Amino acid sequence: MADSSLVTTAQLVVVAVAVFAAAFVQVIAGFGFALLCMPIMTLALPVEKAVVVSTLLGMVSTSWQGWHLRAAARRPLAKRLTLAAFAGMPLGLVILNVVDDTSLKVVLGVAVLVATALLVRRINLSHVGAGLDVGAGFVSGVLNTSLSTNGPPLVFDLQARHLPPDEFRATITMVFALSNVVGLTLFLLDGKVTADGLRAALIAVPAWALGQLLGWPVRKHVHGERFRWMVLILLFAAGVSTIVFALT
């Protein structure tokens with residue numbers, strides 16, 4: 001693991017590569033920023049610092065996309081997920097402060113792979129009540145402030161409810177945007193937003209912008225079954241990479 005302070009060019013390059021890939025994928029899929037950002041960034045940064053960088057840039061990305069896509073969002077569903085996520089965030093911050101990096105990442109990776117396996121089987125939970133959304137939202141909030149990887153529970157919930165791609169992207173992006181604002185506020189109050197973290201995020205802005213720019217033309221070609229398989233592949237890759245990076 002790298003030193004706790006961002007001092008080398010190599011570390012900043014790793015951050016830039018992570019942010020570019022994550023921004024590109026998020027535009028196309030509607031999620032994936034933290035899923036891709038965190039495993040790559042933790043090659044160079046401690047989890048505590050990578051979480052803050054991911055949240056800072058993720059907030060910019062999801063806020064803009066959430067506003068742009070707001071008309072297609074399922075607002076009652078987004079509201080349930082968001083309020084439950086808010087409730088889980090304080091617990092996630094406690095976990096970040098007391099649980100070691102390796103344990104956090106292994107648990108996350110295993111959970112993502114289990115969710116992926118269920119979705120491959122085309123599990124249909126569209127008939128399940130609001131409790132599913134509350135549970136998924138709460139776990140998402142815990143993961144948001146502990147690992148900045150709040151996507152898997154939300155992806156599972158929305159895919160299991162069989163939302164069309166446009167509604168999926170709009171709804172999950174709205175939840176991300178609101179969650180990131182509260183998550184960043186908690187990081188600020190806990191003193192985790194440092195000058196080094198802000199500098200890394202600022203330097204990575206051009207990589208983020210390039211990923212966004214290249215992602216939008218590709219987005220219109222990804223729908224239907226192609227969209228579903230892209231989501232599944234992303235989840236599987238994120239689960240495997242998180243476990244591998246945790247154990248190396």
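**Helix burial, packing and backbone in a predicted model**

Q: What makes α7 a mostly covered helix?
A: Of the 10 residues of α7, 10 are buried, where buried means under 20% relative accessible area, exposed over 50% and partly exposed in between, with a 1.4 Å probe and protein chains only. A helix here is a DSSP run of H or I of at least four residues, numbered from the N terminus. The buried residues include Leu154, Val155 and Leu158. This is a predicted model, in which local features need pLDDT of at least 70 and side-chain atom pairs count only at pLDDT 80 or more, while totals for chains, interfaces and linings use all residues. Residues are numbered from 1 along each chain as its sequence is written, and side-chain values use heavy atoms, with hydrogens and water left out.

Q: What covers the buried residues of α7?
A: The cover includes α2 (33-41), α4 (75-98), α5, α6 (130-147), α8 and α11.

Q: Why is His162 called partly exposed?
A: His162 has a relative accessible area of 43%, and this value lies between the limits of 20% and 50%, so the residue is partly exposed. His162 lies in the loop between α7 (151-160) and α8 (165-189).

Q: What is the phi of His162?
A: Phi of His162 is near 60°, a positive value in a residue other than glycine. Most residues other than glycine have a negative phi.

Q: Why is α5 called roughly antiparallel to α11?
A: Helix α5 (residues 101-120) and helix α11 (residues 224-247) pack at an angle of about 155°, and their axes are 8 Å apart. Angles under 35 degrees count as roughly parallel, over 145 as roughly antiparallel, 65 to 115 as roughly perpendicular and the rest as oblique. The angle of about 155° is over 145, and therefore α5 is roughly antiparallel to α11. The axes are lines fitted to C-alpha atoms over the stretch in contact, with angles from 0 to 180 degrees between N-to-C directions.

Q: Which residues make the contact of α5 with α11?
A: Among them are Val106, Leu113 and Thr116 of α5 and Leu232, Phe236 and Ile243 of α11, contact meaning heavy atoms within 4.5 Å.

Q: How do you know that Leu214 is partly exposed?
A: The relative accessible area of Leu214 is 40%, which is between 20% and 50%, so Leu214 is neither buried nor exposed. Leu214 is found in helix α10 (residues 205-219). Leaving aside neighbours within four places in sequence, Leu214 is in contact with Phe20 and Phe24.

Key. Helix = DSSP H or I, 4+ residues; strand = E, 2+ residues; numbered from the N terminus.
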